[in-house]
Protein chains: 2
Amino acid sequence: MDNQLDSFFGAMADPTRRAVIERLTQGPAPVSELHAPHDIALPTFLKHLRKLEDAGLVRSEKRGRVRTVHIEAAPLAVAEDWLARQRRVWEGRLDRLSHLADRLPPDVS
Amino acid sequence: MDNQLDSFFGAMADPTRRAVIERLTQGPAPVSELHAPHDIALPTFLKHLRKLEDAGLVRSEKRGRVRTVHIEAAPLAVAEDWLARQRRVWEGRLDRLSHLADRLPPDVS
DNA sequence: AAGTTGGTTATCCATGTGGCTAAGTATTGC
DNA sequence: GCAATACTTAGCCACATGGATAACCAACTT
């Protein structure tokens, strides 16, 4: 996809995928274990995993017949930073507004 | 949609929509001004705005023929919190692992 | 009153997404 | 070797998404 944020936010915009991420923060797990709590077919679930992997949120290795998946935390931090930055601009605007309000009588017609 | 996070992350998974949010952190603006920098047709752009509004990220009022849009910052904070929580669990796991490592000789067979 | 401006509504289209089943491959256990 | 396990690939389907045009309405401007 375009931006890294595109694929990240796209990946998080689904409850199944968020649940997988939540689970993986507690440590790696094989595909079958990740799939177990979700009431959808395995191939469908694999497509979700694929999307997480494409977004760089997750990595996996196969040993024998079992594929173990682990989280890649960096992208989470990138998105968190983006959101924090927006919030700071927003809050900064509020600050500037209140400062303006302080100086309202002299400055504004 | 399902969760509030669904519609939030869904809304952010598009560069046009993120650009609108970035612009709106600096203050409200009419639709035409928001649309100007984007090289897409107005009706297409309006669909993006609609999605932002559906996700509760933005609100708008119409006065005369001009509709003014302003940001609703709360959902940003909700998502930021969710991400921060994931990060804390992830980091907590690392902490526990290192603590475990400290106690490795006595505790582990 | 006529024209311009700022949105809005209605359709349409190609592609993406999330779901399924069926069938296949490769390990591992007996 | 055979069966069970753990994915994997292929194909199908309904609906959502992001894009477009055309036509419309309402409110200013002149």
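Buried means under 20% relative accessible area, exposed over 50%, and partly exposed in between (1.4 Å probe, protein chains only). This is a predicted model, where local features need pLDDT of at least 70, side-chain atom pairs count only at pLDDT 80 or more, and totals for chains, interfaces and linings use all residues. Residues are numbered from 1 along each chain as its sequence is written, chains are lettered from A and ligands numbered from 1 in the order written, and side-chain values use heavy atoms, with hydrogens and water left out.

Start with B:Ser60. At 12% relative accessibility, B:Ser60 counts as buried. It sits in strand E2 (residues 58–63) of chain B; strands (E, at least two residues) and helices (H or I, at least four) are DSSP runs, numbered from the N terminus. The B:Ser60 side chain makes polar contacts with the side chains of B:Glu53 (3.1 Å) and B:Arg67 (3.0 Å). A polar contact is a pair of N or O atoms within 3.5 Å; within protein, one must be able to donate a hydrogen and the other to accept it, and residues adjacent in sequence count only if both atoms are side-chain atoms.

Now the salt bridges: a side-chain nitrogen of Lys or Arg within 4 Å of a carboxyl oxygen of Asp or Glu. A:Arg18 pairs with B:Asp6, closest N and O atoms 2.6 Å apart. A:Arg18 lies in helix H2 of chain A and B:Asp6 in helix H1 (residues 4–12) of chain B, so the pair joins two chains. A:Arg18 is buried at 4%, and B:Asp6 is buried at 7%.
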